[in-house]
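Me: I have a structure I have never seen before. Can you walk me through it?

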Amino acid sequence: MNPIVRSGAAARAGALLILLGPLVSWTAEFVTAAAWQDPPYSPLYNWVSHLGLTGPPQTAFGQVANSPLGAVMDTGWVIYGSLLVIGAFLVFDPRKGTRPVVILILAVLAGAGVSLVGIFQGSNTNVGNGLIAFHTVGAQSVMLAGNIMAIAVGAGGTRIGLTRGRSIASIALGTAGLIAFPLFMADVFTGWMWNIGLFERTVIYPIMIGHALLGSSVAAAQRHHATHPPTPLTAQVLS
């Protein structure tokens, strides 16, 4: 099958950016959550987006929020989204057909979505002034587009550089995230709010793992091609 990714230094750089994005976000999440001590942050109970709330402690969306390093989390999300979009355009070649174009569109939606979450906080102030709409649209965009992207990447895995096992894993991750999405939304809109952080991460983490799989796989494939170039056709005929 014809590859749908670029080759050379651009593709290698793009793959590393895609891989770096979720690693930056996870690091920011760990550091920010560790700094939240009053009351201690619970990854199962507390909203993920509350980690990005800056300013004085407040009660937002039914939970007490006190994130001393909220700006660190917001920065992590914006960097993640930016790296995803830039990396995707460096890796995927839209001239190779519909699939790379679809993946690029999904990457832009997911990257812009996670960046919006970092730029527009889920705070009471933004609820009052209406800017919460950008936060909500951003969160839902990354949840849907990110998981669909994982499925699209897995479905075209052989043309991207993923092994069969990683292709299946990417599809499984995206499917799991999409199944978890309506459960998360039901938990929110019914007012039950049981372990909202758990449901939220069940939607988000498959996306991040999928990006790590994509970036590492493309980087490995590009490195292999660089060290094992294909034998020229003339040489094959002479042999």
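Me: How many residues does the largest nonpolar core have?
Reply: The largest nonpolar core has 48 residues. Such a core is a set of buried Ala, Val, Leu, Ile, Met, Phe, Trp, Tyr and Cys residues joined through side-chain atoms within 4.5 Å. Buried means under 20% relative accessible area, exposed over 50%, partly exposed in between (1.4 Å probe, protein chains only).

Me: Which residues have the most contacts inside it?
Reply: Those are F92, I103, M149, I160, F184 and L214.

Me: And which helix gives the largest share?
Reply: Helix 8, with 8 residues. At least two core residues come from each of several helices, including helix 1 (9–35), helix 5 (132–155) and helix 8 (196–227). Helices (H or I, at least four residues) and strands (E, at least two) are DSSP runs, numbered from the N terminus.

Me: Where do these values come from?
Reply: This is a predicted model: local features need pLDDT of at least 70, side-chain atom pairs count only at pLDDT 80 or more, and totals for chains, interfaces and linings use all residues. Residues are numbered from 1 along each chain as its sequence is written, and side-chain values use heavy atoms, with hydrogens and water left out.

Me: Back to F184. What is F184 in contact with?
Reply: Skipping neighbours within four places in sequence, F184 is in contact with W47, M143, I196, F199, E200 and V203. Contact means heavy atoms within 4.5 Å. F184 also forms one aromatic cluster with W47 and F61.

Me: F61, then. What is its phi?
Reply: F61 has a positive phi of about 50°, though it is not a glycine. Most residues other than glycine have a negative phi. F61 sits in the loop between strand 1 and strand 2 (63–65).

Me: Which peptide bond is cis?
Reply: The one joining D38 and P39 is cis, with omega about -5°. P39 is in the loop between helix 1 and strand 1 (58–60).

Me: New topic. How many aromatic pairs are there?
Reply: A search of the whole structure finds 7. Rings of Phe, Tyr and Trp (its six-membered ring) pair if their centres lie within 6.5 Å; planes under 30 degrees apart count as stacked, over 60 as edge-to-face and the rest as tilted. F120 and F134 form a stacked pair, 4.8 Å centre to centre with 20° between the planes.

Me: How far apart in sequence are the parts that pair ties together?
Reply: They are 14 residues apart: F120 lies in the loop between helix 3 and helix 4 (124–129), and F134 in helix 5.
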